[in-house]
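The sequence and structure are shown below.

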Amino acid sequence: MLPSLGKTESEIPIAERVARVRARIAAACARAGRDPDAVRLVAVSKTHPPESVAAAAAAGLTIFGENKVQEAAAKIPLCPGHLEWHLVGHLQSNKVRHAVRLFQTIHSVDSADLLERLDRIAEEEGRRLRALFEVNVSGESSKFGLKPEQLTAVLSAAGACRRIEPVGLMTIPPASEDPERARGFFRALRELRDRARAESGFELPELSMGMSQDFEIAIEEGATYVRVGTDIFGPRPRPAPAEEMP
Ligand SMILES: *Cc1c(COP(=O)(O)O)cnc(C)c1O
C-alpha cells in the first residue's frame with residue numbers, strides 16, 4: 001500500500017494502538033493531577049485470537065480481560081504464560097470452578113451467593129482471588145450488577161470470606177454517543193465506594209470503569225482500572241447471523 005493512502009483502523013499495528021492508548025491515559029492523568037501508575041490498563045481481548053494477545057503482551061501489557069469463561073478457557077493456555085487474567089463479564093454460578101482456575105481477579109461479582117460460592121470453590125481449589133463488585137449505578141434494567149443499596153449486604157458477606165479479597169467496585173454506564181454522559185455514573189460509583197469504605201472497613205482501592213469510548217473521563221473521576229478492547233485490538237468481528245437470533 002502507498003504510505004500516502006494511510007491505513008484503515010483495523011490495519012494499525014497493535015503496538016501502535018497500545019502506545020496511543022497509553023498516551024491518552026497519561027494525558028488524562030495529567031489533566032486530573034493523578035499519578036499515571038495509579039491507573040492500570042486491562043486489555044479486553046474477547047473475540048480476538050492468542051496472536052493478538054501476544055502482540056499486546058510484546059508491547060508491554062500484562063493484564064488481560066475476557067468476558068466469557070468458555071472463550072477464556074480455550075484461549076489462555078495458548079497465550080504467553082506470565083500474564084494476569086481478569087474476568088470482566090457476567091459470571092454464571094455453574095462456571096465458577098473454571099473461573100477460579102483461570103482468573104486472578106473477577107470484576108463482576110454481583111451477589112452474595114456468587115461471592116460465597118467463589119470463596120468455597122477457591123478454598124477447594126487452593127486459590128486466592130481478588131473481587132470487584134459490579135454495581136448498576138444507572139438502574140438500567142438490561143444491566144447486570146448490584147443495586148447500590150445491595151452493596152452493604154454483599155460487603156458483610158465478604159467479611160466471612162477466606163479466599164476472596166474484596167478490592168473495589170466496577171460499573172458499565174449506559175451506552176451513549178457522548179462519552180461525557182458517563183461522567184455522572186463514574187462519579188456515582190466513586191461516591192458509593194467512599195461511603196462503602198467508611199461503612200464496611202474494607203479499603204476498596206480499585207474502581208474499574210471506562211472502556212474505549214470513555215476511559216479518559218473515567219480516569220478524571222478516579223478509575224484505577226480501565227478496560228479497553230477496541231482501541232487496542234481493533235474492531236470486533238460482528239457475531240454470525242445465527243448468534244444474533246434471540
Ligand atoms: C468488551 C468489554 C470492554 C471493552 O469494550 P471496548 O469498548 O471494546 O473498549 C470493557 N468492559 C467489559 C465488561 C466488556 O465486556
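## Packing of H6 and H7

In this predicted model, helices H6 and H7 cross in a right-handed sense. The axes of H6 and helix H7 (residues 183-200) come within 11 Å, and the crossing angle is roughly 45°.

## Packing of H5 and H6

Helix H5 (residues 112-125) also packs with helix H6 (residues 151-158): their axes come within 9 Å and cross at roughly 15°. H5 is therefore roughly parallel to H6. The crossing of H5 and H6 is right-handed.

On the H5 side, Ala112, Leu115 and Glu116 take part, meeting Val154, Ala157 and Ala158 of H6. The residues of this contact are 5 nonpolar and 1 charged, with no polar residue.

In soluble globular proteins, nonpolar side chains tend to be buried together. Here the largest nonpolar core contains 66 residues, and Phe64, Phe103, Phe133 and Ile232 have the most contacts inside it. Helix H1 (residues 14-32) supplies the largest share of this core, 6 residues. A second, separate core has 6 residues, including Val42, Ile63, Met170 and Tyr225.

Beyond its neighbours within four places in sequence, Phe64 is in contact with several residues, among them Val42, Val53, Leu83, Trp85, His86 and Phe233.

Key: Residues are numbered from 1 along each chain as its sequence is written. This is a predicted model: local features need pLDDT of at least 70, side-chain atom pairs count only at pLDDT 80 or more; totals for chains, interfaces and linings use all residues. Side-chain values use heavy atoms; hydrogens and water are left out. A nonpolar core is a set of buried Ala, Val, Leu, Ile, Met, Phe, Trp, Tyr and Cys residues joined through side-chain atoms within 4.5 Å. Buried means under 20% relative accessible area, exposed over 50%, partly exposed in between (1.4 Å probe, protein chains only). Helices (H or I, at least four residues) and strands (E, at least two) are DSSP runs, numbered from the N terminus. Contact means heavy atoms within 4.5 Å. Axes are lines fitted to C-alpha atoms, for helices over the stretch in contact, and angles run from 0 to 180 degrees between N-to-C directions. Angles under 35 degrees count as roughly parallel, over 145 as roughly antiparallel, 65 to 115 as roughly perpendicular and the rest as oblique. A crossing is left-handed if the near helix is turned anticlockwise from the far one by less than a right angle, and right-handed if clockwise. Ala, Val, Leu, Ile, Met, Phe, Trp, Tyr, Cys and Pro count as nonpolar, Asp, Glu, Lys and Arg as charged, and the others, Gly among them, as polar.
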